[in-house]
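Good morning, and thank you for coming.

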Amino acid sequence: MVSSSLSSKRYTYIHESGSETRRGAIDIHHVIINRSRSTGYARLMGLAFFLVILGVSMYSFIEKDNPVRTLSWSCLLSGFFVVIQSRKLVKKESVIIMPTFGIQIETQYLSGKTVSRFIPIDKVLKPVLVECVTPVTCYWSLSLFLRGEEQLTLVFKELRPSLKMLVPIWKALCTLIGTDQSEIITEEKHVVSG
Amino acid sequence: MAEPKLRVLMVSDFFFPNFGGVENHIYYLSQCLLNLGHKVVVMTHAYGNRSGVRYMTGGLKVYYVPWRPFTMQNTFPTVYGTLPIVRTILKRERITVVHGHQAFSTLCHEALMHARTMGYRVVFTDHSLYGFADVGSIHMNKVLQFTLADIDQAICVSHTSKENTVLRSGLAPGKVFMIPNAVDTAMFKPADVRPSSDDVITIVVISRLVYRKGADLLVEVIPEVCRLYPNVRFVVGGDGPKHVRLEEMREKHSLQDRVEMLGAVPHSRVRSVLVTGHIFLNSSLTEAFCIAILEAASCGLLTVSTRVGGVLPDDMVVLAEPDPDDMVRAIEKAISILPSINPEEMHNRMKKLYSWQDVAKRTEIVYDRALKCSNRNLLERLSRFLSCGAWAGKVFCMVMIIDYLLWRLLQLLQPDDDIEEAPDINFCN
């Protein structure tokens, strides 16, 4: 049963939960990329075409003979590139929250492959919303402190959904491990309205 | 929580955990502005492992952007490389005024350039004095001229600094405000029991032992004063290349029991060293604003100083030329007026004259003035750059045009609406 959904330009967030009356029901949160299969492949093909042209033009400067050979090599290499990159095209990432049991994090790729990881509940210390700063940008991410692990574990490894979408998931995770949210002082009115 | 009145972004390569005058200035000013109800965000480069977003006291948000520093804590100048992250931060935090610090900071110049391109109000504070003659200074002054050609307002920390900045950059003096630095009088308090000045008079020197801070003058002055006054002893804190000369001086005149060398003194211990003394000696050859003499005066010490930027009232300081004989004369005068000094009264006067709250209020006025400046379009701004020099003006115009085009390209690739605004986090005290 779809409880709520949010949509932005790039992502759609869907929250599925069991019956409202039954406690202990499984909670599922999906974040889906708003691009069709064809758009993803089209982008890769475009990039591959660009690489072929680049390769041919560079080679024709360096080696003036046999353009057919350079063209065929460029096509082959770009083909490899398309195949490898297409495996990384993500369709959807999900978080399945099973009360008293644990969390399952799933990544579903366009090629149909699904990678999942189960984290038992006693391993989860705390879910946190972190601002990640890179040399060119800054974005929010939802991470988990896990017992025995030094590094934070990202809940959404490939996608970067907005804070509006991450907050309900973070709240659900807090409820799962029993963190008192009133301890955490956050000015949320801007998140809701913005 | 009420909506903040102003949202200020402080940009500089120099911020904590690096320690110095500029860093202190940015921190204290930010804290006082936060107390006045504004929102302040600081942007600096990453220091080692310290990268990402950190929150400091009072909810001061600091962005440690992971750009590598390349020399003297400065970010590598890529001119346009910082445009995406600066744009993201300005949009995320809904900034209204960008305040850059220190002419030597490449991140500051780049951020101010990008902020002007995007139409934000910019204010610049210059903290140091620079020369005009050597190659490094000439290039630095040209860069400064470029940045300041298009600025809304500028702040300097002393009249000396204002003269220096105006001459170096060709900026209109009417746009430059003078707001002196302040001192944390809560931290720099006189000792509860003042050391007696009947038997031994202690003269304290705390500075880096480099040429610019007048370490060579000390080498001449100390033996002469020790010869004239058998009851005077010196305490020298700080380290640097001239340390060796001072040690040699001690050996030559057998002053080991009268001149104590403490080595580098961490800032947290400066007060405890100052309160052991009666007189503070500053021999800097040049200084935009000497905070050290303010700290000493706040601790109730009488100051003997060369004529550097940063003024104390006449009865708290004895000024001298940077010449050994004149400095010895000044120390003699200081020793003679020492009995009439009341440290508590000095401290109370310093509290009123030099407070960070006062600096913040004055800076607020500068921000309001900057916000009232009209927004110029690209063509008007380009005409200002053309007056910077025959070929320099044209180079500056090209740089700004490319920056503008890159900004528009970024807006196409990542529209403004896509940049999510960060919520203001309210830390309950």
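**Where chain B meets chain A**

Between chain B and chain A there are 3 salt bridges, a salt bridge being a side-chain nitrogen of Lys or Arg within 4 Å of a carboxyl oxygen of Asp or Glu. One of them joins the side chains of Arg92(B) and Glu131(A), at 2.4 Å from N to O. Side chains of opposite charge can pair when their charged atoms come close.

Before I continue, please note that this is a predicted model, in which local features need pLDDT of at least 70 and side-chain atom pairs count only at pLDDT 80 or more, while totals for chains, interfaces and linings use all residues. Residues are numbered from 1 along each chain as its sequence is written, chains are lettered from A and ligands numbered from 1 in the order in which they are written, and side-chain values use heavy atoms, with hydrogens and water left out.

Let me return to the interface. Polar contacts between chain B and chain A number 7 residue pairs, both residues being at pLDDT 80 or more. A polar contact is a pair of N or O atoms within 3.5 Å; within protein, one must be able to donate a hydrogen and the other to accept it, and residues adjacent in sequence count only if both atoms are side-chain atoms. On the side of chain B that touches chain A, β3 (52-56), β4 (60-65) and α2 each supply at least two residues. Helices (H or I, at least four residues) and strands (E, at least two) are DSSP runs, numbered from the N terminus. By class, that side of chain B has 15 nonpolar, 3 polar and 7 charged residues. Here Ala, Val, Leu, Ile, Met, Phe, Trp, Tyr, Cys and Pro count as nonpolar, Asp, Glu, Lys and Arg as charged, and the others, Gly among them, as polar.

How much area do chain B and chain A bury between them? The value is about 1,800 Å², with 56% of it on carbon and sulfur atoms. Buried area is the accessible area (1.4 Å probe) that two parts lose on being put together, summed over both. The contact, meaning heavy atoms within 4.5 Å, takes 25 residues from chain B and 18 residues from chain A. Within chain B, Arg92(B), Glu420(B) and Pro423(B) lose the most area to chain A, together 28% of what that side buries.

Is helix α2 of chain B largely enclosed or open? Of its 10 residues (83-92), 8 are buried, so the helix is largely enclosed by the rest of the structure. Buried means under 20% relative accessible area, exposed over 50%, and partly exposed in between (1.4 Å probe, protein chains only). Among the buried residues of α2(B) are Arg87(B) and Arg92(B). Just after α2(B), Arg94(B) takes a positive phi of about 55 degrees.

Two residues in this region pair with the segment after α14 of chain B. The side chains of Arg87(B) and Asp416(B) form a salt bridge at 2.6 Å, N to O. Since Arg87(B) lies in helix α2 and Asp416(B) in the segment after α14, this pair ties together parts that are 329 residues apart in sequence. Arg87(B) is buried at a relative accessible area of 2%, whereas Asp416(B) is partly exposed at 27%.

The second pair is Arg94(B) with Asp424(B), whose side chains meet in a salt bridge at 3.6 Å, N to O. Arg94(B) lies in the loop between α2 and β7 (97-101), and Asp424(B) in the segment after α14, so parts 330 residues apart in sequence are tied together.

Asp424(B), which is buried with a relative accessible area of 9%, also forms a salt bridge with Arg7(B), the closest N and O atoms being 2.8 Å apart. Arg7(B) is in strand β1 (residues 7-11) of chain B, 417 residues from Asp424(B). Arg7(B) is buried as well.

**Closing view of chain A**

Chain A has 4 helices and 9 strands, and 37% of its 194 residues count as buried. In an unreviewed entry, UniProt annotates residues 44-62 and 68-84 of chain A as "transmembrane region"; its positions are given in the numbering used here, feature names are shortened, and annotations may be inferred rather than shown by experiment. In the model, residues 68-84 of chain A are 100% helix, with end C-alpha atoms 24 Å apart.
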